Amino acid sequence: MTGGGARLPGETPAVPGLTGRHASGILAKTVQTGAEFLRSLAVPYTYDPRRNTYVLFGLLWGLPIPVFSIGLDCWLTNGASSGNLLAEGCRAVLDRPLHLFFLAHPFLFATIFGALGTMRHDRDRAIGHLIVELEDRIRELDAANEKLKELDRLKSNFLANVSHELRTPLVSMMGYAEMLLDGRLGPVADAQREAVATVLHNAEKQHRLISDLLNFTRFEAQPRLDVRPFALREVALRTAESFRPLLAEKGVTLGVPPDTCDGRVLGDVERIEQVLSNLVSNSLKFTPAGGRIGIAWEPGKGRAVRVSVWDEGRGVAPEERARLFDRFYTSQSPSSSRMGGIGLGLSIVRDILAAHGSAVDVQSRPQGGTVVSFELPQANGELPPGLARLRDGPAIPAAAGPAAVAESAGTGGSVPPASGTPKPVRPETAGGRA
Amino acid sequence: MTSRTAPHVLVVEDDPLTRRMLGVLLASAGITSTTAADGLEATSYAATDRFDLVITDFSMPERNGVELIRTLRHRLGGVPVLMISAYPESEIRKEGLDDAGVEFVAKPFRTADLLAKVRAALAGAASGADAPEGPPAGTVR
């Protein structure tokens, strides 16, 4: 039976190699080899020099059969040899035609061995072709790889240069605007102040867009993480601080849990700050004046901390939820077409969190608005495999981390040591307009 | 030594508008500065004058910020350095920067942040721990 049979319940699994699947494989192989053998038989003897050695080998292999049979016949008939072995042999053959059958054996063996030789030669040649082809492919791939590396290097250079060139004009723009607003360059009338504030605001917006685009491309090219323990609270406060002017302008408050809970987690502090910043930025787009946004954390599954950013915006339609984190996706509703954005913020969030081994969860709040949440391992917990791999890879050297990382990673300083599981806390308002 | 009551900052920046802006910003905060357009010019200033702080760009013609810092370390000892650049910090560190006394400020920066760092660096330099022949403590502040 060669068919792959359905096993009866309780039947012991078949020995590997003797299952129906295997047996049919062996049969197919046998048929294939047989066909190859027959094909080889049809090839003329002069097919190749190697085959001749096989033919000779077959001749020699088969020679003892007629020699033995005829010799035995002669010995039994005559008892002792007359001296002329050849004449005696010929007579024996003529006496008993059965010897012709034995005489044919060397030739039969020569044919069979010859065919086997041809098969072997054909296979060797096929393997030789494959090896040559393989080497060609390897060379092609090497060349393509080199080309890609070169392109990647060019791309990195290009990005670094574009980033530099796009940011440089903003430096003096924003610097002068801030100096004007601070009154460092003389008194400023209210109307002028408003004008300069608009210039500054839009320069900042431009800066954020450039950073988004560059962070996205850079992270996509080299998703490396600098994983260390850090306090979520510090990152959340920094995020809140950076949004203070925007929050004030829109009349939205941003809540960060009070300092009873640090939320010590493991991750790339810079990337997580980017995640929070992108999520808050997105929430801010959809939260009306007077609304609230919050960053919160609580114990998650196992040894994880669940971080969430909630808002009181218009919420996310279920059909929109799936596409929300797609690259270049922007909300299609007419009310949000004025929201701006290039559809990268949330895809960056998704990529960074995926690199941290975490998924992003979007839920609607019953009281309106949205909660976006994700999980990070506790600072004293184990790294998820993906995170460990990224960390152990050729990552940025530890010294390359920004000062903020060093501060929060240290045991001393303003960060108290890990305090076990963080408790869920009610958000308090921080930042925003009074 | 009483002549050195005001801190003196060397600003090295190749973009003329940014260079001028930095000069104006420091002047508005009451800090004297000398501006240089590239590493060579900065080196020549450092040969004749002493500075309490160097603010330098990273990407410049002739000599980049990291090379400049190496040169200036010989002339100015452990002078604190603020490196301002639109390039990411990690890129700059690839140049093999010995980062003792070097702080990074990303461009574009908040003027308030930059001034805070400048003041902190000047205060640190004034404490005189790393200035071999610096001014007596207390004269700068």
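How are α7(A) and α8(A) oriented to each other? To see, select helix α7 (residues 232-250) and helix α8 (residues 269-286) of chain A. Their axes, lines fitted to C-alpha atoms over the stretch in contact, come within 9 Å and cross at roughly 25°. The two helices are therefore roughly parallel to each other, a label for angles under 35 degrees.

This is a predicted model, in which local features need pLDDT of at least 70 and side-chain atom pairs count only at pLDDT 80 or more. Residues are numbered from 1 along each chain as its sequence is written, and side-chain values use heavy atoms.

Contact means heavy atoms within 4.5 Å. On α7(A), the contact residues include A:V235, A:F243 and A:L247; on α8(A), A:I272, A:L276 and A:V280 are among them. By class, the contact of α7(A) with α8(A) has eleven nonpolar, three polar and four charged residues.

Now move to the aromatic rings. Rings of Phe, Tyr and Trp (its six-membered ring) pair if their centres lie within 6.5 Å, and the count comes to five aromatic pairs over all chains. Select A:W61 and A:F113: their ring centres are 6.2 Å apart and their planes are at 45°, so the pair is tilted (neither stacked, under 30 degrees, nor edge-to-face, over 60). A:W61 lies in helix α2 (residues 49-62) and A:F113 in helix α5 (residues 98-181) of chain A, so the pair ties together parts 52 residues apart in sequence.

Stay on A:F113, which counts as buried at 18% relative accessibility; the cut-off is under 20% relative accessible area.

Notes
Chains are lettered from A and ligands numbered from 1 in the order in which they are written. Axes are lines fitted to C-alpha atoms, for helices over the stretch in contact, and angles run from 0 to 180 degrees between N-to-C directions. Helices (H or I, at least four residues) and strands (E, at least two) are DSSP runs, numbered from the N terminus. Angles under 35 degrees count as roughly parallel, over 145 as roughly antiparallel, 65 to 115 as roughly perpendicular and the rest as oblique. Ala, Val, Leu, Ile, Met, Phe, Trp, Tyr, Cys and Pro count as nonpolar, Asp, Glu, Lys and Arg as charged, and the others, Gly among them, as polar. Buried means under 20% relative accessible area, exposed over 50%, partly exposed in between (1.4 Å probe, protein chains only).
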